[in-house]
Amino acid sequence: MQAFFCPDQLLHQPQQYMRIGRIHKPADLPARAEALQATLLAHGIPAHSPPEAGRAPLEAVHAPHYLDYLSAAYEGWQKLGRPGLEPGIEVLPNLSPYYGVAPGERRPPCPSPALLAQTGYYVGDLASPLGPHSWRSILRSAHTAHAAAMAVAGGERLAYALCRPSGHHAHHDRASGFCYVNNSAVAAEALREHFGKVAVLDVDAHHGDGTQNIFYASADVLTVSTHADPAGYFPFYTGYAHERGAGAGEGFNLNLPLAHGSGNAEFIAALDEAVAAIERFAPEALVLPMGFDTYRDDPISVLRLDFDAYRAVGERLRALALPTVIVQEGGYMVEALGPGLAALLAGLRP
Ligand SMILES: [Zn+2]
């Protein structure tokens with residue numbers, strides 16, 4: 001197994017996170033990536049720094065006007081305001097347009113050139129601030145996913161992308177939920193270009209809404225997500241069982257929501273349903289967006305999984321025997337990340 005990570009991914013240091021009307025300390029700490037990297041090293045798997053790949057792998061799944069915004073927003077933010085009304089330390093929206101687009105439909109560029117308008121248009125919530133070095137970390141996190149996909153396209157059976165910031169809540173043209181560029185979609189698209197049919201199996205605690213959005217009209221990429229019931233949990237608006245894809249992608253999206261409080265047994269039953277759907281689709285490669293925020297003691301968890309569940313994920317991957325890219329998504333109890341990854345690796349071993 002090859003692993004990828006760039007130290008520049010630690011530069012993104014969000015300072016604030018809105019929860020039920022109060023600004024909290026951020027959940028996406030750089031220490032998360034350091035804990036995962038230490039576990040890789042303990043298993044004799046050094047993480048390689050991914051090659052610089054520019055914007056091309058990102059543009060394969062995101063709107064260029066959105067990437068223009070992300071890359072330039074922080075610098076522009078410094079020029080806002082006036083004496084006595086200085087801008088905040090991070091880029092955050094203070095408005096959000098009402099817009100209605102069908103799943104899979106693409107929005108035009110923001111109609112206003114004003115940075116505040118664009119921030120409302122492109123940043124979907126108050127959990128996704130942009131700081132001075134965020135773009136560099138976002139870009140390198142995407143390169144990490146792309147390098148893992150390229151390794152698998154080159155013949156490696158399994159690659160792990162230690163992505164941070166995470167990506168699966170990033171839509172085609174919108175950041176949200178600590179996510180800016182959809183690393184799992186970057187990997188899936190790179191694999192699709194090489195292999196043809198690709199499945200994405202998202203086992204993070206939250207619905208992979210951005211990945212669903214990006215591939216909703218695609219028949220080449222089957223998107224499957226197990227997650228806590230979104231009726232009472234982020235991302236709230238999507239992740240329901242009736243969302244099955246649109247147009248050519250009709251039938252190529254599967255959501256398996258879990259009741260809050262579900263433990264290993266319920267999760268593994270959903271996992272097996274997901275695996276059966278993937279086997280019917282018969283892909284040539286697999287992307288696994290992996291989240292450890294399903295862990296019972298995770299600070300934002302509503303599920304009650306323990307490490308045996310992650311070992312079961314590894315065992316299912318081994319049985320599927322597909323060229324696979326594992327992409328790191330959530331997990332916010334720093335001390336649980338290493339043991340979680342170790343359990344996944346144990347399941348992958350024959
Ligand atoms: Zn999550």
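Good morning. Because the model is predicted, local features need pLDDT of at least 70 and side-chain atom pairs count only at pLDDT 80 or more, while totals for chains, interfaces and linings use all residues. Residues are numbered from 1 along each chain as its sequence is written, and side-chain values use heavy atoms, with hydrogens and water left out.

I begin with the sheet. Helices (H or I, at least four residues) and strands (E, at least two) are DSSP runs, numbered from the N terminus. Two strands pair if DSSP finds at least two bridges between them.

Let us now follow strand β7, residues 221–228. Is this strand buried or exposed? Eight of its eight residues are buried, so β7 is largely enclosed by the rest of the structure. Here, buried means under 20% relative accessible area, exposed over 50%, and partly exposed in between, with a 1.4 Å probe and protein chains only.

On one pairing, β7 is joined by five bridges to β6 (residues 198–202), and the two run parallel. Within that pairing, T223 in β7 stands opposite V200. The chain passes from β6 through helix α7 (residues 209–215) to β7 in a right-handed β-α-β crossover. Right-handed means that, with the strands pointing away from the viewer, the path from the first strand over the helix to the second runs clockwise.

Strand β7 is also joined to β8 (residues 253–258), through six bridges and again in parallel. Here T226 stands opposite L256, and V224 has L254 as its bridge partner.

Next, the helices. Axes are lines fitted to C-alpha atoms, for helices over the stretch in contact, and angles run from 0 to 180 degrees between N-to-C directions. Contact means heavy atoms within 4.5 Å.

The axes of α9 (residues 307–320) and α10 (residues 334–348) come within 6 Å and cross at roughly 35°. This crossing is right-handed; that term applies if the near helix is turned clockwise from the far one by less than a right angle, and left-handed if anticlockwise. Among the residues that meet are F307, Y310 and V313 in α9, with A336, P339 and L344 in α10.

Helix α10 also meets α1 (residues 30–42): their axes come within 8 Å and cross at roughly 35°. The crossing of α1 and α10 is right-handed as well. Residues in this contact include A31, L36 and L40 in α1, and V334, L337 and L341 in α10.

Turning to helix α4 (residues 115–122), six of its eight residues are buried, so α4 is largely enclosed by the rest of the structure. The buried residues are L115, Q118, T119, G120, Y121 and Y122, and they pack against α3 (64–77).

Why does N264 count as buried? The reason is its relative accessibility of 17%. Which residues does N264 contact, leaving aside neighbours within four places in sequence? They are R304, L305, D306, D308 and A309. N264 and R304 are 40 residues apart in sequence, yet 7.2 Å apart in space, C-alpha to C-alpha.

Thank you for your attention.
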